[in-house]
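Dear colleague,

Please find the structure we discussed placed directly below. My notes on it follow, arranged by topic.

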Amino acid sequence: MKLDHVALQVADMDRALEFYVGALGMKLISRQVNEAHREEYVFLELDGGRVELIRHIGGSLPARSLTPPYCPHLALTTEDMEASLSLIRERGLPLLAGPFEIAGEERWVYTHDPDHNVIEFMQWLRVDS
């Protein structure tokens, strides 16, 4: 099997695109409206798969909990945690929690999008031989 996409619900598609394309640098693949399902959706390019953002036309988002264990969340691999932390600071993204580290294993930090979808930046430290 191979990952195809992860879907996240958003309230305002333009604001979501500003975050995912503008702040995180993902590439917009497509943007469509499905009147039959009352949804607007976009697909974004992400190495190893895609991210789908879905806006329910005429609906609202339920309240989201921003408490540990921060699930569900979208986890993005980074090779350089300091660069990811700089991106978070420079783009004014909220720092939800972290950075955390398990020595020799992994480092991670949590942020979130404007709709409180949690995003984790993960750096794997273990080098398998």
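Four strands, in the order S1-S4-S3-S2, make up an open sheet of mixed pairing; strands here are DSSP E runs of at least two residues and helices are H or I runs of at least four, numbered from the N terminus, and two strands pair if DSSP finds at least two bridges between them. Strand S1 (5-9) and strand S2 (27-34) are the edge strands, each pairing on one side only. On average, neighbouring strands of this sheet are turned by 20 degrees against each other, with direction ignored. S2 and S3 run antiparallel and are joined by 7 bridges, and Gln32 stands opposite Tyr41 in S3.

This is a predicted model, in which local features need pLDDT of at least 70 and side-chain atom pairs count only at pLDDT 80 or more, while totals for chains, interfaces and linings use all residues. Residues are numbered from 1 along each chain as its sequence is written, and side-chain values use heavy atoms, with hydrogens and water left out.

Helix H1 lies across S1, S2, S3 and S4 and runs at about 5 degrees to S3. Axes are lines fitted to C-alpha atoms, for helices over the stretch in contact (heavy atoms within 4.5 Å), and angles run from 0 to 180 degrees between N-to-C directions.

The largest nonpolar core has 23 residues, and Tyr20, Leu24, Met26, Leu44, Leu53 and Phe121 have the most contacts inside it. By nonpolar core I mean a set of buried Ala, Val, Leu, Ile, Met, Phe, Trp, Tyr and Cys residues joined through side-chain atoms within 4.5 Å; buried means under 20% relative accessible area, exposed over 50%, and partly exposed in between, with a 1.4 Å probe and protein chains only. At least two residues of this core come from each of helix H1 (13-23), strand S3 (39-46), strand S4 (49-56), strand S5 (73-77), helix H2 (81-90) and strand S8 (118-124). H1 gives the most, with 6 residues. Apart from this core lies another of 6 residues, among them Trp108, Tyr110, Val118 and Met122.

Which residues of H2 are buried? They are Met81, Ser84, Leu85 and Ile88. Seen down the axis of H2, its buried residues fall within an arc of 100 degrees, so they line one face of the helix; the arc is that of the directions from the helix axis to the C-beta atoms. These buried residues pack against strand S6 (95-102), strand S7 (106-112) and S8. At the start of H2, a side-chain oxygen of Asp80 reaches to within 3.1 Å of the backbone nitrogen of Glu82. Gly92, which follows H2, has a positive phi near 70 degrees.

The remaining notes concern the other strands. S6 and S7 pair in the antiparallel sense over 5 bridges, with Ile102 opposite Glu106 in S7. Their hairpin has 3 residues between the strands, and Gly104 takes a positive phi near 75 degrees there. S7 and S8 also run antiparallel, joined by 7 bridges, and Arg107 stands opposite Gln123 in S8. The hairpin of S7 and S8 has 5 residues between them, and His116 in the turn has a positive phi of about 65 degrees. S5 and S8, by contrast, pair in the parallel sense over 5 bridges. In S8, 6 of the 7 residues are buried, so this strand is largely enclosed by the rest of the structure.

With kind regards

Key
Polar contact = N/O pair within 3.5 Å; in protein donor to acceptor, adjacent residues only side chain to side chain.
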